[in-house]
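Visitor: I am new here, and I would like to know what the words used for a structure really rest on. Could you show me around?

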Protein chains: 2
Amino acid sequence: MSADLVQLVTTLAQRARAASHLLATASTETKNAALVRLAELLPASAGTLLAANAKDLAAAKEHNLTGAQIDRLTLDAKRIVQIAEGVRQVAALPDPVGEELERTVRPNGLEIRKLRVPIGVIGIIYEARPNVTIDCAVLCLKSGNAAILRGGKEIFHTNTALAALVAEALAQAGLPRDAVQLIPTTDRAALTTLLKLDELIHCIIPRGGESLIRFVAENSTIPVIKHFKGVCFVYVDKDADPAMAERIVVNAKVQRPGVCNAAEQLLVHADAAGTLLPRLARALLEKKVELRCDPVSAAILEKHGLAHRAAAPGDFTSEFLDLIIAVRVAPSLDDAIATINRDSSAHSDAIVTRDAAAAQRFLAGVDSATVFWNASTRFNDGFEFGLGAEIGISTDRLHARGPMGLRELCSYKYVIIGNGQLRG
Amino acid sequence: MSADLVQLVTTLAQRARAASHLLATASTETKNAALVRLAELLPASAGTLLAANAKDLAAAKEHNLTGAQIDRLTLDAKRIVQIAEGVRQVAALPDPVGEELERTVRPNGLEIRKLRVPIGVIGIIYEARPNVTIDCAVLCLKSGNAAILRGGKEIFHTNTALAALVAEALAQAGLPRDAVQLIPTTDRAALTTLLKLDELIHCIIPRGGESLIRFVAENSTIPVIKHFKGVCFVYVDKDADPAMAERIVVNAKVQRPGVCNAAEQLLVHADAAGTLLPRLARALLEKKVELRCDPVSAAILEKHGLAHRAAAPGDFTSEFLDLIIAVRVAPSLDDAIATINRDSSAHSDAIVTRDAAAAQRFLAGVDSATVFWNASTRFNDGFEFGLGAEIGISTDRLHARGPMGLRELCSYKYVIIGNGQLRG
């Protein structure tokens with residue numbers, strides 16, 4: 001690795017750390033002023049942004065991008081307006097910094113206050129969506145954190161233009177430009193260097209495919225909050241309302257199949273499978289969903305002449321992100337819970353039942369970030385939770401689990417006020 | 001690395017994961033029954049424990065241990081009773097599992113509950129204190145987590161005997177023995193294997209010296225919560241009450257110099273240094289504290305004929321854990337804040353002042369886990385905070401910062417209750 005590259009990334013992180021001290025005590029008004037200015041600059045700079053985006057689009061073929069990937073990295077005037085609107089929404093959210101989480105007075109008179117504070121410097125490692133650049137920059141800024149952004153090479157020119165606007169908005173609000181910095185190279189060695197700067201950077205959030213996230217987790221000495229895949233289950237209990245089960249299974253699978261909280265796995269209790277499974281299968285087939293079945297569910301669908309195929313073993317732990325669902329029959333509620341704890345990604349798992357006792361056992365026993373009773377897994381989302389925004393959905397168990405909003409981008413500190421107390 | 005060792009550690013972690021599912025839904029009564037049984041077994045098994053400890057003590061010379069190290073690993077009847085008393089105290093603490101942290105009902109009728117749940121499986125990597133084995137086992141058990149313990153080779157026989165008692169207490173309470181397991185080898189390769197089992201283990205807590213913690217952080221793909229060193233500052237402002245400043249500086253430095261929240265660094269505002277520093281120095285010298293000074297503070301002490309030596313540059317970021325303090329004069333409050341943010345370990349830092357505005361700037365600007373106004377840094381401690389117990393003091397910013405008690409050994413999950421809601 002070149003010494004220049006190490007120097008470049010280290011200097012950038014040092015500047016971010018210095019900026020983070022200023023941001024941590026910046027007022028809500030100042031931070032919001034920078035956000036509102038950014039929301040103005042974005043549409044006003046559409047020409048520059050689209051020209052930069054055109055360079056990335058021109059290079060898209062040499063990066064062998066698919067049509068869907070090219071669509072994701074494409075900016076147009078409407079998308080720029082949407083991105084700016086998202087910035088205004090974050091400006092309107094309450095500032096999490098300084099919130100008092102706890103306050104106690106000890107018998108010796110010491111007052112102990114636990115206050116929400118920014119984490120410090122956050123590194124965001126992501127792929128090729130330009131909205132991520134702005135989303136992450138503004139969520140970090142609003143929560144008082146300095147951000148270091150490292151996006152994919154496919155979107156480098158667009159990101160550079162966007163980062164310049166963020167820096168301009170920061171400067172115009174009197175905040176340090178270094179509060180949000182884009183790494184000015186997509187060299188992998190720069191990323192590897194960054195991931196070792198644990199004295200300067202306090203948290204890494206990777207956003208993207210599983211291989212990126214795994215690379216980051218394996219190479220980072222900085223704490224990582226992972227936003228892994230969603231292998232989400234809907235379990236239809238023997239006492240499920242059939243019409244509700246049908247609606248929830250279909251909504252969870254087809255309303256937006258390409259996202260992490262869409263259902264990929266269907267379990268049906270053995271006592272109800274004979275009657276319920278054909279109904280669920282018909283509804284899914286009507287929506288063009290392919291059913292990949294275990295032998296028991298296959299036999300039931302076979303009897304009813306319903307299209308299906310035999311599942312491969314890997315299907316039962318797969319995130320299809322497509323109109324495909326794996327189907328199994330569960331001999332019992334306990335078996336369903338054990339299957340989910342073994343095969344799901346612990347992201348979003350649902351039970352459909354009228355039996356409150358069964359629901360309580362499921363909700364307590366399934367060890368996932370979000371568990372649902374009689375609702376679609378698609379609700380596992382920061383906006384649906386009322387957080388106002390989210391930087392992702394954590395599949396980790398430390399710090400933040402499930403949807404991560406502004407509060408989850410904060411740490412806390414203890415402020416202790418005494419009048420000369422000594423320890424005896 | 002031998003395939004056998006990998007197999008051994010992997011199997012142990014798989015058993016811990018299976019046990020964690022049972023522990024997560026175990027009742028408070030059952031967990032407390034195991035703790036109370038352990039508190040009974042400890043003194044009742046003193047003979048076995050002391051015999052095991054004698055083996056470790058016999059090997060202490062070949063491990064080249066110092067007198068202080070040998071003292072730390074020595075068990076006697078009194079220490080066993082103290083350890084058992086600590087177990088009873090944890091049994092008496094409230095169970096954090098199941099506490100409702102938030103509850104909202106969304107406009108669509110979805111009820112969103114955020115509940116405290118165990119993290120899952122926690123690995124504790126530590127050195128040679130037998131009380132850590134029991135402390136960590138019981139804190140993990142009470143908080144519903146399965147624990148994997150890996151202590152130092154110097155204490156292996158004692159730990160093996162202690163772990164057998166824990167397993168016995170678990171079994172007698174009807175809980176899985178695998179809920180607390182000691183790795184039955186101190187081979188470094190077993191540790192390296194453990195630190196990569198991120199599908200089975202959810203959190204690693206290293207306790208010990210800096211090199212151990214760094215080794216763990218660099219080799220783990222599992223999230224680590226670090227409990228690093230304390231390079232703690234006391235800053236005496238120009239408006240400090242001189243008598244209070246003297247008491248706090250002396251208490252923070254000498255009350256127990258070998259611990260992480262003891263002061264190692266003294267800063268005195270330039271305007272007060274001429275009068276205050278000689279007084280503080282006399283009080284410290286009376287307690288046999290060595291003063292390592294910057295040129296400005298050295299000149300003041302020189303003038304008053306007070307013993308001191310010139311500090312080496314490394315002294316200003318050192319954790320002495322001894323009767324030594326580094327001394328500097330700060331030209332201003334802002335300079336003091338910047339110095340602390342650069343040179344402290346962000347653990348416990350204090351200001352002594354009568355000036356509320358100066359105190360507020362210090363408390364907001366110093367980016368440390370715990371900041372004090374007119375109180376000794378020695379109060380940064382889970383017991384002093386009223387947590388009832390602590391597994392350590394986190395110097396990380398994610399998940400837990402400062403003293404880590406039972407609640408900080410927990411994660412949370414979202415439980416969502418609907419009546420058929422679909423996402424539109």
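**How do we know?**

Guide: Strands (E, at least two residues) and helices (H or I, at least four) are DSSP runs, numbered from the N terminus. Please keep in mind that this is a predicted model, in which local features need pLDDT of at least 70, side-chain atom pairs count only at pLDDT 80 or more, and totals for chains, interfaces and linings use all residues. Residues are numbered from 1 along each chain as its sequence is written, while chains are lettered from A and ligands numbered from 1 in the order in which they are written.

Visitor: Why is strand 11 of chain A called mostly covered?

Guide: A residue is buried if 20 or more other C-beta atoms lie within 10 Å of its own, exposed if 12 or fewer, and partly exposed in between, with C-beta atoms placed from the backbone. In strand 11 (residues 324-330) of chain A, six of the seven residues are buried.

Visitor: How do you know that Ala52(B) is buried or exposed?

Guide: We count its neighbours: Ala52(B) has 22 C-beta neighbours inside 10 Å, so it counts as buried. This residue sits in helix 3 (residues 46-59) of chain B. Leaving aside residues up to four places away in sequence, Ala52(B) touches His157(B), Thr158(B), Thr160(B) and Ala161(B). Touching here is contact: C-beta atoms, placed from the backbone, that lie within 7 Å.

Visitor: What puts the buried residues of helix 12 of chain A on the same side?

Guide: In helix 12 (residues 295-303) of chain A, the buried residues are Ser297(A), Ile300(A) and Leu301(A). They cover an arc of only 95 degrees around the axis, so they lie on the same side of the helix. The arc is that of the directions from the helix axis to the C-beta atoms. Pro295(A), Ala299(A), Glu302(A) and Lys303(A) are exposed on the other side of helix 12. The buried residues of helix 12 pack against helix 11 (270-286), strand 9 and strand 11 of chain A.

Visitor: How do you know that the buried residues of helix 14 of chain A line one face?

Guide: Ala358(A), Ala359(A), Phe362(A) and Leu363(A) are buried in helix 14 (residues 356-365) of chain A. Down the helix axis they fall within an arc of 130 degrees, so they line one face. The face turned away from that buried side carries the exposed residues Ala356(A) and Ala357(A). The buried residues pack against elements of chain A, including strand 12 (348-352) and strand 13 (370-375), together with strand 16 of chain B.

Visitor: Which strands pair between chain A and chain B?

Guide: Strand 16 (residues 410-421) of chain A and strand 13 of chain B pair in the parallel sense over five bridges. Gln421(A) stands opposite Ala375(B) there.

Visitor: Why is strand 13 of chain B called largely enclosed?

Guide: Six of its six residues are buried, so the rest of the structure largely encloses strand 13 of chain B. Strand 12 (residues 348-352) of chain B pairs with strand 13 in the parallel sense over four bridges, and Asp349(B) has Val371(B) as its bridge partner.

Visitor: How many residues does each chain bring to the contact?

Guide: Chain B gives 57 residues and chain A gives 57 residues. Strand 16 of chain B gives the most to the side of chain B that touches chain A, with eleven residues.

Visitor: What makes the surface through which the copies meet the same?

Guide: 100% of the interface residues of chain B are also interface residues in chain A, so the copies meet through the same surface.

Terms used. Contact = placed C-beta atoms within 7 Å. Pairing = 2+ DSSP bridges.
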